[in-house]
Amino acid sequence: MTEALVQLEGVGVRFGRITVLRDVDLRVAAGEGVGIVGPNGSGKSTLLRVLATLLQPTDGHGTVLGAPLGKDTPPAVRRRISLIGHQPALYGELTLEENLGFVARLLGRSHDDVVKTLSKVGLGGALDRRADHSSHGMQRRVEFARVLMTRPDLLLLDEAHAGLDRHAAALVEATVATVKRRGGSVILVSHEPDRMLPLVERIYEIVDGTTVEGVPEP
Amino acid sequence: MTAAEFWRQVFEIARKDLKVEGRAGEVLSITVPFGAVALLLLPMAIGTEKTMLAKIGPGMFFGVTLLFGMLVAFRQSASDTQAQRELLTLLGIDPAATFVGRSFASALLLLVFEVILAPLTVILYNPPLVDGWPWMLLIILLVALGLAFVGTLAGAVTAGVRTRSTLAPLLVAPLSVPLLISSSQVYEGLRLGRSIIPWIVLLLAMNLALAVVGVATAKPLEETSR
């Protein structure tokens, strides 16, 4: 059996009296893409934050990239995880180049890498543009440039296609393919299953806070 | 994590915060002018008797620095979004490095604030040039650093809290009191020829205590803010 990069058993998340997730079981193998679907408010983004080790589950247990879920996830494990969420993780006052440069320097990468990676995602002509003066699609492209730079073993995408044009959507597909080809896993969350189907091998649906495995339609 | 890696993270966080502030320009374009207006208005409220103004001038300077500097020190962490905080976590940034880097950036901004307002205080209040005035340069530096630690700590404590813009100044104000008292008393000590060592020790101790608390609580505070 292929090595599991993500393994959750009976995971639950409660915020006070509100139960968002319960008895979630999930197994994602190396090189596999998994889709998670469900209506708005069903707990998809919460599940992604658990998988990103940013939120500690209140019930159950599991491992992400070999590290048990909990408070003390080693930074070395977190550096192998990339999350693209609803809100862009960019500094509005900085240019697109400075935003990626900040990440690059922390990873010990060169300025040339920044320029090359931004060109790769189609932003070669917008290096000096401030992030808060850039479109949603451009901001998303910077986030995908960050993924290419950090080379994650686990890529988590929350509504990755939202607001993207055809070219940017192709970038999502190319990035997912790159991560999987390198033996990493990709978990995509969406309320539009049609766009994620070509990228995943399996789909889970969140029903009443728990996961139900389904089969992707051709 | 090696010491070199820690300090590299500190440097990058400080550099990023200063760059963000440089573009936003809130310290120079908003906070400094408001501080200057406060220094200008106070003599109008309490009278223009020259001896009294000269006596209270240094106290006013440190009071205005603490009140407006609080906004400078807290602004950095108040503007962070959840996505930005999570990015730092996933990049494996040590929360203590974030605390130190952010504090250094704020301290530098506060120094700029003080350096601009100090000559204005001299012009408006005309305090006597006391013997040993170079000690005041050290005091200005320690006040900037202490206030930066307090502001960053308050920002970390209130991160993710909906009422943080109200709560943070309430936390900063009482913690700033020892900074205000000791900095004013150093000037008074120099003016009256008294020993200033106890007040300098108090300032150093405050800075050290705030730095230790900030570094020690950085990780648990970062975890609870998620």
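This note takes the two chains in turn, then a few individual residues.

1. Basis. This is a predicted model, in which local features need pLDDT of at least 70 and side-chain atom pairs count only at pLDDT 80 or more, while totals for chains, interfaces and linings use all residues. Residues are numbered from 1 along each chain as its sequence is written, chains are lettered from A and ligands numbered from 1 in the order in which they are written, and side-chain values use heavy atoms, with hydrogens and water left out.

2. Secondary structure. Chain A holds seven helices and ten strands. Chain B has eight helices and zero strands. Its order from the N terminus is α-α-α-α-α-α-α-α. Helices are DSSP runs of H or I with at least four residues, strands are runs of E with at least two, and both are numbered from the N terminus.

3. Overall dimensions of chain A. The radius of gyration is 17 Å, which agrees with the value near 17 Å for a compact globule of 218 residues. That radius is taken over C-alpha atoms, and the globule rule is 2.2 Å times the number of residues to the power 0.38. Along the principal axes, the C-alpha trace of chain A spans about 45 × 40 × 40 Å.

4. Overall dimensions of chain B. The C-alpha atoms of chain B fill a box of roughly 60 × 35 × 25 Å along the principal axes.

5. Burial. In chain A, 54% of the 218 residues count as buried. In chain B, buried residues make up 51% of 226. Buried means under 20% relative accessible area, exposed means over 50%, and partly exposed lies in between, with a 1.4 Å probe and protein chains only.

6. Surface. Chain A exposes about 9,600 Å², and carbon and sulfur atoms supply 50% of it. For chain B the accessible surface is about 10,300 Å², with 74% belonging to carbon and sulfur atoms. The areas come from the Shrake-Rupley method with a 1.4 Å probe; for residues, only the protein chains shown count as cover.

7. Contact range. Take contacts between residues at least 6 apart in sequence. In chain A, 69% of these join residues at least 24 apart. In chain B, the share is 86%. Contact means heavy atoms within 4.5 Å.

8. Charges. Chain A carries 26 positive and 27 negative side chains, with the centres of the two sets 4 Å apart. Chain B has 16 positive and 14 negative charges, and their mean positions are 2 Å apart. Lys and Arg count as positive, Asp and Glu as negative; His and the chain ends are not counted. Each charge is placed at NZ of Lys, CZ of Arg, CG of Asp or CD of Glu.

9. A sheet in chain A. Four strands form an open antiparallel sheet in the order β2-β1-β4-β5. Its edge strands are β2 (18–29) and β5 (67–68) of chain A, each pairing on one side only. Strand β1 (residues 4–15) of chain A pairs antiparallel with β2(A) over eight bridges. In one of the bridges, Val6(A) has Val28(A) of β2(A) as its partner. Two strands pair if DSSP finds at least two bridges between them.

10. Positive phi. Asp23(A) has phi near 50°, a positive value in a residue other than glycine. Asp23(A) is found in strand β2 of chain A. Asn126(B), also not glycine, has a positive phi near 50°. Asn126(B) lies in the loop between α5 (95–125) and α6 (134–157) of chain B. Asn126(B) counts as exposed because its relative accessibility is 57%.

11. Leu91(B). This residue is in the loop between α4 (82–90) and α5 of chain B. Leu91(B) is buried, with a relative accessible area of 6%. Apart from neighbours within four places in sequence, Leu91(B) is in contact with Arg79(A), Val103(A), Leu106(A) and Thr150(A). Phe62(B) is 29 residues from Leu91(B) in sequence, and their C-alpha atoms are 38 Å apart.

12. Leu202(B). Helix α8 (residues 197–224) of chain B contains Leu202(B). Leu202(B) is partly exposed, at 32% relative accessible area. Leaving aside neighbours within four places in sequence, Leu202(B) is in contact with Pro178(B) and Ser182(B). Between Leu202(B) and Gly47(B), 155 residues apart along the chain, the C-alpha separation is 33 Å.
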